[in-house]
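Work through these exercises with the structure open beside you. Try each task before you read its solution.

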There are 2 protein chains.
Amino acid sequence: MKSYKELSREELEQLLRQLGKAYEDAKGRGLKLDMSRGKPSVSQLDMGMDFMDILNSSSDFQTEAGLDTRNYGLMDGIPEAKELMAQMMGVPSAEQVIVCGNASLTVMYDLISRSMTHGVMGNTPWCKQDRVKFLCPAPGYDRHFAITQHFGIEMITVPMTENGPDMDMVEKLVESDACVKGIWCVPKYSNPQGYSYSDETVRRFAALKPAAADFRIYWDNAYAIHHLYEDKQDEILDILSECEKAGNPDIVYEISSTSKVTFAGGGISALAASKANLDDVRSSLTVQTIGFDKINQLRHVRYFKDINGLKAHMRKHAAIIRPKFEAVLQVLEKELDGLGIAEWTNPKGGYFISFECMEGCAKKIVAKCKEAGVVLTGAGATYPYGEDPDDSNIRLAPTFPTPEELAEAADLFVLCVKLVSVETLLEERAMVEKCAC
Amino acid sequence: MKSYKELSREELEQLLRQLGKAYEDAKGRGLKLDMSRGKPSVSQLDMGMDFMDILNSSSDFQTEAGLDTRNYGLMDGIPEAKELMAQMMGVPSAEQVIVCGNASLTVMYDLISRSMTHGVMGNTPWCKQDRVKFLCPAPGYDRHFAITQHFGIEMITVPMTENGPDMDMVEKLVESDACVKGIWCVPKYSNPQGYSYSDETVRRFAALKPAAADFRIYWDNAYAIHHLYEDKQDEILDILSECEKAGNPDIVYEISSTSKVTFAGGGISALAASKANLDDVRSSLTVQTIGFDKINQLRHVRYFKDINGLKAHMRKHAAIIRPKFEAVLQVLEKELDGLGIAEWTNPKGGYFISFECMEGCAKKIVAKCKEAGVVLTGAGATYPYGEDPDDSNIRLAPTFPTPEELAEAADLFVLCVKLVSVETLLEERAMVEKCAC
């Protein structure tokens, strides 16, 4: 296809009329679709229903060590669940794991909140420090940025690359500024690009020499086993082992959950870190709770048994999700490839596709889609403070709609991308001509 | 029986020898019993096992409004669970309720933590204020005091009476000191006495005119439906309604959970408060979580249906617990009544008996019990900072052991009480005689 930028004004104007008419037709179809959040679909939830049968009134509720999961106690998780989550996260030992409640987001919120009020491993609480800054690789996960913003933490955007965050910038900022206390990372199948950090990136993270003793890497390994393909899978180095090798055992908190393995909201979450870090967390946790839901921890252990059970289950998820990703990607390729107005990622796992349109077009595209009944993640959401400096990134979340809905949604999306792009190109031409006068 | 205080030195010495021998015999029995925590017993847990069957792979997981509890969303709880918890707490409307995760302790921790970092309804965060004080009716619940201590909040002990905290003192402190930001209350079947607040106490709470705009009553209604008897039950006024009537709608947070209804650790918790308070909490909660475990919320709703289902279930718990309370109380009455060395409460609900021994004896009694294999709640635990000024209060938790174990534990306990009391009386006599020389 011919690049839109090579079209004459007349050609663009003709295209605009065609696209405008198509858009009006689309609006008339009364769509009502949601591609905004990384939500599992009904088929995925239905697929996992036998999980609900694994514990019932005739089950034994004891751990292997004979502890009753129905009662209080075992504040930091049952040993079997620690082992399962260690395997899922690729962490060498269950000793490095605490198993928590249903949401890894809450684990991360608590880490930040605890650092504000009690400090990290004996350091001054952040609320008593003048300035606290976080590095935010972007495009990134909006709920990470919401936590740091909520606590009044200054956020510094770090550009993302296919291999992870710009490590030159990360090293410079972390090693020179003692106000920099953390960095948000989604190291595998990143939200929203689906990028996985290269071995070099992981090793450079592990070798950081932070100016602040209470600096931590917030390693949100949300998509550790969320592959889309059997034959094409990303693997990343285990950050905990790399940090230990680099003499930096305490520099990282790793977080994960089974929210997108079993049920969103009905999963279990985990925190993996050095013993010193976990002991520090436990000293607050013991005040915060008598114990998380150990019955649900046991349900996970009995159902999956080990990493092989998890992997087998994730293959079933992939079989449902993969065609959806492919459907969207096919439409993007067919309709936008070669037009010079957009780029997008082609992830091998995770829950999202990251879409880059022309500068200044993202908000307009999202608005046009919404007007015609297709809800996308708000433009800007993938950047700190919800402000995308180029207004060009859009996160596509293809998992929730049915394949049929998705085809309709993708068709509308590319139509809106084209329409807004042509409008923008015409405005630019008009501006250039005006200046030339 | 003759009061120990009326005995001669010789009689006391003879008694000491008898008790000493009995204690040595008891030690030889190799007991290993735990009366330390308010834990449900295995019989109680076994009794509720059909709860585990109510949701299975063939169940419908939709709320009445058609929302899928297996997926993300409904951050502040499913409407049906709000209704159930409102009924359990005796709160007029489900609109006044947020349903949270498995632990009311965490709800309370979060309330305090949030007040530290973000303040209460727009007021200055506590971490930016010079001093923050809490009133702690004592004897009280050790885990309440642990939260306030953890956040460096100054704790002021307020004496407890059969009708609730000393309200003259509460009013004076709350209304004169703007550093006083809260008071911990267990208004019904209090921990550890089993006292329930009188209507006058509740109304005086509701009518407080705090010096601090961000003062709140932390109303931990943990034992709202935890009666021991069918014919003798305490009822308390609904604090939310009373506060509203008194023109003080925002002055209280009420907290409860089903940890001692279904499973300890596998229950659901709730926060009830005014709309303004709940909106304030929601503004943080929406950053903290995408949603709590709604499947477990639905499981509760489907199992209990309404307050009648809850009440019927609690009658079964009472049938198991009541004989245990009675067994302990019988031993106390039979062995200690009239000796003038102890007093204890006779609760109609809740999980504890509060025991008052002679001043300076509690730690010794608890240590003697431990030495002979019976673990009690640590002496002092029922007071702020773990320091009972009189060293006289011991919390007895009779629910966990079997009736047979309990009989043995109670026998040992009264033996230790007598032994330590006689030792103490003899020391006092010796001191008096020494002074008289």
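Contact here means heavy atoms within 4.5 Å. The model is predicted.

**Exercise 1. Two packed helices**

Task: Describe how α1(B) and α13(B) meet, from their axes to their residues.

Solution: 
- Step 1. Pick the two quantities. Two packed helices are described by the angle between their axes and the distance between the axes.
- Step 2. Locate the helices. In chain B, α1 covers residues 9-28 and α13 covers residues 403-436.
- Step 3. Read off the values. The axes come within 9 Å and cross at roughly 145°.
- Step 4. The crossing of α1(B) and α13(B) is left-handed.
- Step 5. Find the residues in contact. On the α1(B) side they include Leu12(B), Leu16(B), Leu19(B) and Tyr23(B). On the α13(B) side, Leu415(B), Leu419(B), Val422(B) and Arg429(B) are among them.
- Step 6. Sort this contact by class. It has 14 nonpolar, one polar and six charged residues.

**Exercise 2. The largest cavity**

Task: State the volume of the largest cavity, and say what lines it.

Solution: 
- Step 1. Begin with the count. The structure holds 11 cavities of 30 Å³ or more.
- Step 2. Take the largest cavity. Its volume is about 600 Å³.
- Step 3. Look at its lining. There are 41 lining residues. Nearest the centre lie Phe292(A), Gly101(B), Asn102(B), Thr106(B) and Phe292(B).
- Step 4. List the elements that give two or more residues. Chain A supplies α4, β9, α9 and α10. Chain B supplies α4, β9 and α9.
- Step 5. Find the largest share. α4(B) gives five residues.
- Step 6. Sort the lining by class. It has 18 nonpolar, 17 polar and six charged residues.

**Exercise 3. Two copies**

Task: What rotation and shift superpose chain A on chain B?

Solution: 
- Step 1. Recall the rule. Two copies of a chain are related by a rotation about an axis and a shift along it.
- Step 2. The rotation is 180°, the shift along its axis is 0.0 Å, and the RMSD is 0.0 Å.
- Step 3. Name the relation. It is that of a two-fold axis.
- Step 4. Check the contact surface. The same surface serves both copies, as 100% of the contact residues of chain A recur in chain B.

**Exercise 4. Backbone exceptions**

Task: Where do Pro139(B), Pro192(B) and Tyr385(A) lie, and what are their backbone angles?

Solution: 
- Step 1. Most residues other than glycine have a negative phi, and most peptide bonds are trans.
- Step 2. Take Pro139(B). A cis bond joins Ala138(B) to Pro139(B), with omega about 0°. Pro139(B) sits in the loop between β3 and α5 of chain B.
- Step 3. Take Pro192(B). The bond from Asn191(B) is cis, with omega near 10°. The loop holding Pro192(B) runs between β6 and α7 of chain B.
- Step 4. Take Tyr385(A). Its phi is positive, near 60°. Tyr385(A) lies in the loop between β12 and β13 of chain A.

Methods: Residues are numbered from 1 along each chain as its sequence is written. Chains are lettered from A and ligands numbered from 1 in the order in which they are written. This is a predicted model: local features need pLDDT of at least 70, side-chain atom pairs count only at pLDDT 80 or more; totals for chains, interfaces and linings use all residues. Side-chain values use heavy atoms; hydrogens and water are left out. Axes are lines fitted to C-alpha atoms, for helices over the stretch in contact, and angles run from 0 to 180 degrees between N-to-C directions. Helices (H or I, at least four residues) and strands (E, at least two) are DSSP runs, numbered from the N terminus. A crossing is left-handed if the near helix is turned anticlockwise from the far one by less than a right angle, and right-handed if clockwise. Ala, Val, Leu, Ile, Met, Phe, Trp, Tyr, Cys and Pro count as nonpolar, Asp, Glu, Lys and Arg as charged, and the others, Gly among them, as polar. On a 1 Å grid over the protein atoms alone, a cavity is a set of points where a 1.4 Å probe fits but cannot get out, and a pocket is an open set with protein on both sides within 12 Å along at least five of seven lines; lining residues have an atom within 4 Å of a point. Grid points are joined across faces, edges and corners, and a volume is the space filled by probe spheres set on the points. Copies are superposed by least squares on the C-alpha atoms of residues with pLDDT of at least 70 in both.
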